[in-house]
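Let's take a friendly look at what holds a protein together on the inside. Here is the sequence with its structure, followed by a short briefing.

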Amino acid sequence: MLIINDPFREARVPYDNNRTRRARTGRRRGKPPIVYAAVDLGTNNCRLLMAKPSAGGFKVVGSFSRIVRLGEGMAESGHLSEAAMNRTLEALKICASKINSVAPARTRAVATEACRSAANRQIFVDRVKAETGLDIETISPKEEAVLTLEGCAPLLDREHPFGLVFDIGGGSVEVMFVETLEPSRPRLIEAMSLPFGVVTLAERHGHDLVAEDDYASMVDVVEGELAGFDERHGISSRIAQDKVQMLGTSGTVTMLGGIYLNLPRYNRSRVDGLDMDFPAIAEINTRLARMNGQERARHPCIGKERADLVVAGCAILEAVCRRWPAGRLRVADRGIREGLLLGMMTADGDAR
């Protein structure tokens, strides 16, 4: 377990000032609005988002997402496999092609837990550069947490003075405790990174029909990791006083949002910002945990590519809800990519 205690501003990354000046010059000459591109390469997914600044934030001009399973088998081997690297490279080639088609003023591509932990990460990063032209930056858990918070911050309200924000990833889980009283953005009090996620736990405990004992074991392990963080900040007692809101981002949380709404297929505009009550979350978790892989794969909001990771995600979410019974969870279908875009725009003076 890694503990992060850092001000929001300390995770800022410097950008090329010359390029910033060129970009601003272009705007003065009446050229089309500047486009920015962000790539988030996780343990399970590869995601691209391209946007241009607009009133209230930015306007998306293109996106791409693919499940690549970069961290597949890493829990046992400690290495990125050849098959996983090849799958990921194919997805990154698509990202690079889309990025080149819009000629963005600035691009930032980051990788998280799989690349942080892999013994052969540099070989992979060098291959990415050679085959796609993308410079993949492996970011620390600290910056991963900050970027996630920056991307999700607009969904935090001011009705509660504190917030718990969490991201259930493929290879790690980020948990952030924030203060929401500042008018501009939340203040990060402390963040914690758990070195396991849905891919890691699914490989340990099974992908198909998970035994009740294995499911309970996953919940207990995760909740135990959260205990010290809870006690340090008195989070449970603040929840009892109705001072803490909860915001979750990840494939697990958004998938549950789609199921909660009984959608015939996933719809981001319906799910992003959705509030779910804890009893409904518990009922969905129990239902999914009792299904086998084929049953989960047939659900329109899950699909065969995610079916084997669902139970591990439900166990992590159940542990979070059990430790911190806030009663309601807000869903965020946003995170690192949005944080990257806002950071680049702010650096260029384009954030509005």
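## Salt bridges, cores and rings

R116 forms a salt bridge with E113, and their closest N and O atoms are 2.9 Å apart. (A salt bridge is a side-chain nitrogen of Lys or Arg within 4 Å of a carboxyl oxygen of Asp or Glu.) This is a predicted model, where local features need pLDDT of at least 70 and side-chain atom pairs count only at pLDDT 80 or more, while totals for chains, interfaces and linings use all residues. Residues are numbered from 1 along each chain as its sequence is written, and side-chain values use heavy atoms, leaving out hydrogens and water.

**Salt bridges**

- R116 and E113 are separated by about one helical turn because they sit three residues apart in helix α4 (residues 113-117). (Helices, H or I of at least four residues, and strands, E of at least two, are DSSP runs numbered from the N terminus.)
- R116 is buried, with a relative accessible area of 16%, and E113 is buried too, at 13%. (Buried means under 20% relative accessible area, exposed over 50%, and partly exposed in between, with a 1.4 Å probe and protein chains only.)
- R127 forms a salt bridge with E131, with the closest N and O atoms 3.3 Å apart; these two are four residues apart in helix α5 (residues 121-132).
- The structure holds 27 salt bridges, and a network of them links D220, E223, D230, E318, R322 and R323.

**Nonpolar cores**

- The largest nonpolar core has 57 residues, and L164, L288 and W324 have the most contacts inside it. (Such a core is a set of buried Ala, Val, Leu, Ile, Met, Phe, Trp, Tyr and Cys residues joined through side-chain atoms within 4.5 Å.)
- Helix α14 (residues 310-323) gives the most to this core, with 10 residues.
- Apart from this core lies another, of 28 residues, among them C46 and L134.

**Aromatic rings**

- A search of the whole structure finds two aromatic pairs. (Rings of Phe, Tyr and Trp, the last by its six-membered ring, pair if their centres lie within 6.5 Å; planes under 30 degrees apart count as stacked, over 60 as edge-to-face and the rest as tilted.)
- The rings of F162 and F177 are stacked, because their centres are 5.4 Å apart and their planes are at 15 degrees.
- Both F162 and F177 are buried.
- The rings of F229 and W324 are edge-to-face, with centres 6.4 Å apart and planes at 70 degrees.
- This pair ties together parts that are 95 residues apart in sequence, because F229 lies in helix α8 (residues 212-233) and W324 in the loop between α14 and β12 (328-332).
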